[in-house]
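Subject: Structure handover

Hello,

Here is the structure for your files. My notes on it follow below.

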Amino acid sequence: MTYLYEPYIKTKIQRRWFEKMDYLAEKFSERADHFDREGRFPFENVNDLKKAGYLSLTIPKEFGGEGLSLYEFVLLQERIAAGDAATALCIGWHLGSFLELSEERTWDDTALRHLCEKVVQNQALVNRAATEPATGSPTRGGMPQTKATVDGTDWIINGTKTFTSMAPALDYAIVSAQIDDTGKKGNFLINMSQDGVKIEETWDTVAMRGTRSDDLIMENVRVGSEALVEEERGKSGLPKAWLLHIPACYLGVAIAARNEAVQFAKTYKPNSLPGPIGDVPEVQRKIGEMELELFKARELIYSVAAKWVNEPESRMEMGPSLLAVKHVATNSAAKVVDLAMRIVGARSLAMSSPLQRHYRDVRAGLHNPPMDDMVISSLAQRALNTKGD
Ligand SMILES: Cc1cc2nc3c(=O)[nH]c(=O)nc-3n(C[C@H](O)[C@H](O)[C@H](O)COP(=O)(O)OP(=O)(O)OC[C@H]3O[C@@H](n4cnc5c(N)ncnc54)[C@H](O)[C@@H]3O)c2cc1C
């Protein structure tokens, strides 16, 4: 299996972190079925990641973190996801939030330092809660119905967020809200133990069950003026490279499915054949197709991540490439899982087979941002709006 990962491990630091996560991912894969069946948040996995110092991976060095880049983030997230996709997606939201904050620097330095310290010293878990029933995906630009109202020097926050991954484990949520009647959006840092903050256990899905992406309900939550941490998210105009943790996650699912199918093809010997089904040309064709899909998608994600890191001057123009990675990777991942299940046959549908979980989990990638239609229309817009070509 090392040939899948070796080409993308380039430095000693990457190798050190990869080995740590490789060890943990093996443990996570043994626990994955349990968390999935129970629909339970993988506290044990997140505790292991905390002990390994993983929560500080993308926190800038100046704030006590590891200061690792998008490239390492993608590499490690993909490996974790091959062990347990729900754990990877959850921790990806946390680390991605810090990568975004450290690259965008839209927060006041003191506020960012303060939150980073909570992670480095106390292993605090943070996520953005941006989705609402009325707006759907925030990437579509809808106005949040969650409202922040001024009361003296405080803000009073009321509203409901859906799809809040890690709901039972979060220490802080960065919540989008409409600011009074200004028609403007802002982001507020909410301590989850604050009065008026509640979790409603609504997460009852077939995919990514362990993420516990429950509803976050805020009823008259009183916060100080400093809780308004961002008045305009993304004002730097930098493309959202941190979202590459999403394609990395679903590629991890695909790798797990591929490994399962290849192992099956090597060992399953029905008595109608002289050897294992891996000798059958049709099975080899399917294995080759899985390898091709993974090669295409992984070369793309790693080359785009490397470009982001090594050519900072190109970042502003990289939006379409980043979008394309998400489209290619999540669709390739779904295709790989499908091929893996065709190789294994009906056994892949058994509840005891990890493939049925990969089949369900990989579907969630289509509904994480950016969605396919947005990617395709952005690419079309660029083609139509570029002069001279
Ligand atoms: C496993 C998982 C974990 C998640 N974790 C988080 C989290 O931690 N925090 C968080 O904030 N969110 C989270 N999300 C939410 C996610 O980012 C999306 O907001 C959510 O999946 C809703 O997206 P949607 O496309 O299904 O819904 P909608 O945006 O409601 O779209 C539904 C359908 O309507 C169409 N549609 C809607 N609006 C438009 C439009 N303007 N133009 C064209 N078509 C439109 C879409 O194409 C789609 O087919 C998570 C989602 C999943 C699946």
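Beyond its neighbours within four places in sequence, Phe-188 is in contact (heavy atoms within 4.5 Å) with Ala-148, Trp-155, Ile-157, Ala-173, Ile-174, Val-175, Ala-177, Ile-179, Ala-227, Leu-228 and Val-229. This is a predicted model, in which local features need pLDDT of at least 70, side-chain atom pairs count only at pLDDT 80 or more, and totals for chains, interfaces and linings use all residues. Residues are numbered from 1 along each chain as its sequence is written, and side-chain values use heavy atoms, with hydrogens and water left out.

Phe-188 is also among the residues that touch the most other members of the largest nonpolar core, which has 119 residues; Tyr-250 and Met-290 are others. Such a core is a set of buried Ala, Val, Leu, Ile, Met, Phe, Trp, Tyr and Cys residues joined through side-chain atoms within 4.5 Å; buried means under 20% relative accessible area (1.4 Å probe, protein chains only). Helix H7 gives the most to this core, with 14 residues.

The axes of H7 (residues 245-267) and H9 (residues 319-344) come within 8 Å and cross at roughly 20°. The two helices are therefore roughly parallel, a term for angles under 35 degrees. Helices here are DSSP runs (H or I, at least four residues).

In H10 (residues 354-364), 8 of the 11 residues are buried, including Leu-355, Arg-357, Asp-361 and Val-362. The buried residues of H10 pack against H2 (12-38), H5 (85-104), H7 and H9.

Regards

How values were computed: Axes fitted to C-alpha atoms, helices over the stretch in contact; angles between N-to-C directions. Parallel < 35°, antiparallel > 145°, perpendicular 65-115°, else oblique. Buried < 20%, exposed > 50% of the residue type's maximum accessible area, 1.4 Å probe, protein only.
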